[in-house]
Amino acid sequence: MTPGFEGSVAAVILALGLGVQSPAQAQAQARTPAAEAQDVLVLTVPSGDLSRALESLAAQSGIDLIYESGLVAGRTTPGLSARTTAAEALRRLLRDTGLVARRASPGVWILERSEATQLEEIVVTGTLLRGRGRVASPVVSLGPDDLDRRGHGSVADAIQALPQNFGSTTPATSLGNADPTGTNLTMSTGVNLRGFGEDATLVLVDGRRLSGTGSQGEFSDLSTIPLAAVERIDVLLDGASALYGSDAVGGVVNVILRDDFDGGESRLRLGASPGGAEDVLLSQLVGRRWSSGSALLAVEYRGQNPLNTLDRPYTETGDLRPYGGTDRRTTFASPGNVVVLDAAAGGYRSLWAIRPGADGVADTLEEFVAGETNLANQRYGADLIPSQTRTALYARANQALGPAVELSGDLRISQRDHTYGVLPHSALMTVTAANPYFVSLDGSTSHQIAYSLVNDVDQPQIKGSSRHWAASAGLDFDLPGRWRAEAYAVLGGERSDSNATAINSTFLSESLGTTPDNPDTPWSPAANAYFNPYGGGGVNDRETLDFITSGFTQRNYRSGVATLSGLVEGVLLDLPGGPVRIAAGAQWRREAFEALGVSLTSGLTPAVTIVPERAREVAAVFGELRLPLVSAANAGPGVERLELSLAGRAERYDDFGSTANPKLGALWSPLPGLDFRATWGASFRAPSLNELNEPTSIGPTIGREDGVVRLAVLLMGGNPDLGPETAESFTLGADWRPSSGPGVSLTLFETQFENRIARPISDNLSTALTDPSLALFVQRVSPATNPEDLALVESLINDPTFVTPGIFPASVYSAIFDGRWVNTGALDVRGVDVSVDWRIDSKVGVFDLDVSASRILDYERRITPEAPPSDLVGLLGFPVELTVRGAVSWTRGAWSTRLGVNHVDDYRDLSDRRVDSWTTADASLRWEGTGRWDGITGQIFVANIMDSDPPFVDQVSGFGFDARQADILGRTVSLQLSRRW
């Protein structure tokens, strides 16, 4: 008997013996093969009662649905309004219902309980068991329709918009001086759920890890994932190391990619903002399905122009006094200043301002003004958004090798190139009488000049690229009984490179005449002019300027991950409440990271810093048990459903040891449409390879004590004795999904973090000398009076790893700070998430309301075990108390509109000054073609309709905004066109 004939017979038998819901039977008789549930249709299906929703879908699509009438009784669905296929619409309507649809024959689908189906089951984030509709942990899911309607042009954009995400590492936060780690030299995009840090949120693609990115390889880059290939994005807002291992502390972002597509889809998206940052996206998706498998290919290109500090008034000058702030300009200016070291102030102050005459240079005493200062924006002309291009490819194929075995494989490749302007070249120049332009102002034989080359040479730039790739192959097996198994292998890596020009201090000293002419360099006073620092630009010859700025820095980073994993799952036994399901598996993983730095910022020979490959292997065993105590089969008053789950994972790292993490979950439904859920679990974050092995580096910094600024030597580097960070997470929630009216979801959460891997001194430099809890990391020295201290400080500042040699003499240092990685401190975060959605069907169309909010009640941190707790909610650099995203949309026929509101609560800066709240509005208009225009969709999206500036923040950088809490782009208009066939 052929499969098609068997399915037809089953359909006839069920149609005769059971209640058949087929409202479109007459239309089905005339249905062409194009109506075979794969046509793309404009569907609007009401939320609420599942039976009515299925009737509406059948009437609109022409498919036949066969099911027992009691099977859908009491079940609800959120409905949908989308341009999609009938098969996909049916899958979405049945999500979280415990039902699945089996295709019996062309245009005919049979509904069954999920436990009875032998169909391929979907992957659910938050559980190892496939095909299960609900998990006890809170999960936010975003499908392609959600992404489009909300105006997101990338996976990263979608994650950044979540209320639970706090100021993650992005190109904008990195260039906006709002990234405290300073490790995003690759211009990547991470995710920071709950404000725990990018390294405490695990990013997966199809449940599998990505290789690391950044200068430490400690987080994953969302920008490598092409949006055209995305099926949905799941965000698990709970600790999940019991399922996924390290890093799943703040939560998990699992990007599910398409694995089956038939046809093609082309997309063009254009965007623009005032002043720059124009954006273009092109993508093409093609796929083919056959009886035993499928294949698809997605290619995507995205390009973005830069946005400069000169394009925004609150970043243009560095003088923030017009906004109620501080003048953040510096003495490194053009024209420059004759300066002297002020040890009490921890820097240099101006003695004379250089004021050139009509000839462009200062060569007389009258052209030096005592007691005044020339000031300049230290970030003049730098970029706030980099210029970037990205090309991404995703390919996947599935092939059945028989009735019980399926082989699958996929490949992802991404190439991203970036360029951005950085701070103008500047230097502290020692000028002596050997320089023919030298002017002695007080009889001294030398002076120090703080000078910027902003008017002499082009804006310095950093150019870089990142290449990311991952390949996987997997096998799925249907085993006897109700068991299945899967195995997969993944190999991936990332390579990032960057190059920047720099001043070579040796060449600068030679061109000033401060050091004798070196015959081994291309510059000589016989052939070239001495550098003249007494002008304001345009007075030095090009050869000398090129010689001075011929220094460079090059950085190269490599990371990789290889994984072998196996899992078996099935039904252990049957209870009155349903089958007890269990999953168990094992995994092996290898992680690697290496780095290379080459620089020529002093001397004649490039300095090479090598971080040799550091690798480790991780072995894990894991499992999960689901125990259905009560279900529809044995429900009673007050207990419609009761289910318990237990998961656990044990891992052994070959570089620091072992860890084991359990998780418990419970679901209870006292009546239809109302669910209560609770979870408790232990999670951990393993120290990164760089935190364990980072080479030591040394540099100057400042601390403050009794109103006096003191100079200190700061040591940075790794710690091979680090252990894992550990955490306990708890959630308690309720979901109300009535047959009509608004649906509401509420989640209380708490995470207690201990043994945090941190650098207490580096993160708290301003209080390092006054906070008793930091005394362990501070060594007081007096090199001016103690020869031993002098020898110690000289050994540090003359070390090859000292980043700014010669900038300060040894005698002015007062302390040595140990800023290396340690296990220390704790963090306790408590809060509540609320979401509301409501669909209203009316004569004029369908209205949808959705609101999502996250409120942080406590964010208590101890920087060391001895330190008192500090509540950091609403403080600059930490999560605000309340973040809200809400929208109302309207759909009628081919047209739909959406109006959204975004709110970020007020907070305070580090000087306890209030930063205003920020509320912006977005709007979109969407058209989905029908008839001769079928398959064509157009949308215009406007973000920040009123072009509201970010709230003012008096930043030390001279930027008057906070890139973690606000978007600098202003009003952004995007136009998107797509064609599907």
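How many bridges pair β46 and β49, and in which sense? The two strands pair in the antiparallel sense over 10 bridges. Here strands (E, at least two residues) and helices (H or I, at least four residues) are DSSP runs numbered from the N terminus, and two strands pair if DSSP finds at least two bridges between them.

Before continuing, please note the basis of the tour. This is a predicted model, in which local features need pLDDT of at least 70 and side-chain atom pairs count only at pLDDT 80 or more, while totals for chains, interfaces and linings use all residues. Residues are numbered from 1 along each chain as its sequence is written, and side-chain values use heavy atoms, with hydrogens and water left out.

**Stop 1: the whole chain**

Display the entire protein. Its secondary structure comes to 15 helices and 51 strands. The radius of gyration is 32 Å, close to the 30 Å that the globule rule gives for 981 residues, so the protein is as compact as a globular protein of that length. That radius is taken over C-alpha atoms, and the globule rule is 2.2 Å times the number of residues to the power 0.38. Along the principal axes, the C-alpha trace spans about 110 × 60 × 50 Å.

Buried residues make up 53% of the 981 residues; buried means under 20% relative accessible area, exposed over 50%, and partly exposed in between (1.4 Å probe, protein chains only). Residues 24 or more positions apart account for 69% of the contacts with a separation of 6 or more, a contact being heavy atoms within 4.5 Å.

**Stop 2**

Select strand β45 (residues 882-892) and strand β46 (residues 895-904), which pair in the antiparallel sense over 10 bridges. Thr891 stands opposite Ser896 in β46. The hairpin of these strands has 2 residues between them, and Gly893 there takes a positive phi near 60°.

In β49, Ala921 is the bridge partner of Val901. Is Ser917 buried or partly exposed? Its relative accessible area is 30%, so Ser917 counts as partly exposed. Beyond its neighbours within four places in sequence, Ser917 is in contact with His903, Val904, Asp905, Asp906 and Pro951. A C-alpha to C-alpha distance of 9.1 Å separates Ser917 from Pro950, 33 residues apart in sequence.

**Stop 3**

Move to β15 (276-290) and β16 (293-304). These strands form a hairpin with 2 residues between them, and 12 bridges join the antiparallel pair. Within it, Val280 has Gly303 of β16 as its bridge partner.

Gly293 has Gln399 in β22 as its bridge partner.

Ser292 is in the loop between β15 and β16, and at 28% relative accessibility it counts as partly exposed. Leaving aside neighbours within four places in sequence, Ser292 is in contact with Asn398, Gln399 and Ala400. The C-alpha atoms of Ser292 and Gly402 are separated by 8.6 Å, although these residues are 110 apart along the chain.

**Stop 4: an open sheet**

Which strands form the open sheet, and in what order? Its 5 strands follow the order β9-β12-β13-β10-β11, with mixed pairing. The edge strands, each pairing on one side only, are β9 (139-142) and β11 (208-209). Select β9 together with β12 (residues 230-236): 4 bridges join these antiparallel strands. Val139 has Leu236 in β12 as its bridge partner.

**Stop 5: backbone details in loops**

- Select Ser334 and Pro335, which are joined by a cis peptide bond with omega of about 0°; Pro335 is in the loop between α10 (313-316) and β18 (337-342).
- Select Asn177, which has a positive phi of about 60° although it is not a glycine; this residue lies in the loop between α8 (171-175) and β10 (201-205).
- Select Asp947, a residue other than glycine with a positive phi near 55°, in the loop between β50 (936-943) and β51 (972-980).
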